[in-house]
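Hi everyone, thanks for making time. I'd like to walk you through one structure today, so please have a look at the screen.

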Amino acid sequence: MKVTNYHSATIDPFGKGLGMVPGTGIQLVDASRLQWNLLDEDVSLPAAVLYADRIEHNLKWMQSFVGEYGVKLAPHGKTTMAPQLFRKQLDNGAWGITLATAHQVRAAYRGGVHRVLMANQLVGKRNMGMIAELLTDPGFEFFCLVDSADGVDQLGAFFSDVKKKLNVLIELGVPGGRTGVRDDAQREAVLAAIARWNGTIELAGIEVYEGVLQDEAGVRAYLKNAVDTTRALLSQGKITRQPAILSGAGSAWYDVVADEFAKASGNAIEVVLRPGCYLTHDVGVYKKAQNEIFARNPIAKKMGQGLKPALQLWAYVQSIPEPDRAIIGLGKRDAAFDAGLPEPAKHFRPGTNMPRDLSADEGWEIFGMMDQHAYMRIKPGADVKVGDMVAFDISHPCLTFDKWRQVLVVDPKYRVTEVIETFF
């Protein structure tokens, strides 16, 4: 019996087809035993679907890109929060995984991740305690950010009490931006606080987040300052780790970060980039960013075909109440809508051979969404029926993944080859 319910805690309530992620405590579905096919309607829709061949392409593309610059990759795991996908990234050469919160770090650790860069401040007793518990494992390497003397002192007091050492990176910020020291005086105050906790708080390097800036000139100036600061702190003996870490790069400016930071990479400085959305890519904000990267970056151009959108949402046509309108069983509970509504990409009628790609001139368009329904504009007389399946491309994968407990991986024949568990 084939049973799926992608919004429930388990994909197979009868306990069939379950296995374990090797080397972890994560129980998962053995998709090979279930023998599902998306087109045979073995799967309850709506469903989130990853394409195995595109995921593989994106993994190799990004690893090749950073390899051209001689820098390391620590993908931001908040995008997917899926340890099975983290493992694919690590197996393809990633240095570690980036995360944003203590509970994300714990989920990744339980999924077998043993090097984490938490690109955020570690604040609060319980959050510190969660990290301290993980640091009882000598094989676990962890870094977090600091940008204030108060923050350092709180970390120092806690980790001194529990007799654990904590690696930190000083975050350099920009006026009007997010976290990060704004000037030399703030940076010196943080350095003085780190020195007060010598032996407990250890400075491992410098971190930036350039995504708060809008133009390339501003990004490059910011990055050059980070390089200069790292070199200065190394010469002053302030950075404990060898090599020092210099880290930056979201999913929009990673090529510029690679270009600037690679100039500092070497025996003394280890450059770590942190893009997260490359794994699935999209047809919206990150497609636009990738087009800009191809326009300005010679290495990306040389590599040829870039990242491919690998995540789609499949749903049924539920109703055609008016000639120019179809109602789709897909809503805000299923898809990101902050950076553009889902875009109809494929149409399939159960019982036919394979899905067909939708062309722009057919005029199918989502123009509104409710919790569980989407309004799709169609042309009167369009060949669409209740019960048809439509696949939608998305923009901003971060806010689509967090709506799903399980995501299906399918091969080119739409056979389910893996069920990815998420841990938001």
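Let me start with a question: is Glu216 buried, partly exposed or exposed? Keep in mind that this is a predicted model. Glu216 turns out to be partly exposed, because its relative accessible area is 29%, which falls between the 20% limit for buried and the 50% limit for exposed. You'll find Glu216 in helix α8, which covers residues 216–235. Leaving aside residues up to four places away in sequence, Glu216 touches Trp253, Val256 and Arg296. And if you'd like a sense of distance, take Phe143: it is 73 residues from Glu216 along the chain, and their C-alpha atoms are 28 Å apart.

Now, the cysteines. How many disulfides do we get? The count is zero. As a reminder, a disulfide is a covalent bond between the sulfur atoms of two cysteines. Look at Cys398: the closest cysteine sulfur to its own belongs to Cys277, at 3.6 Å, so that pair is too far for a bond. The cut-off here is 2.5 Å. Cys398 is also buried, because its relative accessible area is 9%. Cys144 counts as buried too, because its relative accessibility is 0%.

Last stop, helix α5, residues 125–134. Which residues are buried there? They are Met128, Gly129, Met130, Ile131, Ala132 and Leu134.

Conventions
Residues are numbered from 1 along each chain as its sequence is written. This is a predicted model: local features need pLDDT of at least 70, side-chain atom pairs count only at pLDDT 80 or more; totals for chains, interfaces and linings use all residues. Side-chain values use heavy atoms; hydrogens and water are left out. Buried means under 20% relative accessible area, exposed over 50%, partly exposed in between (1.4 Å probe, protein chains only). Helices (H or I, at least four residues) and strands (E, at least two) are DSSP runs, numbered from the N terminus. Contact means heavy atoms within 4.5 Å.
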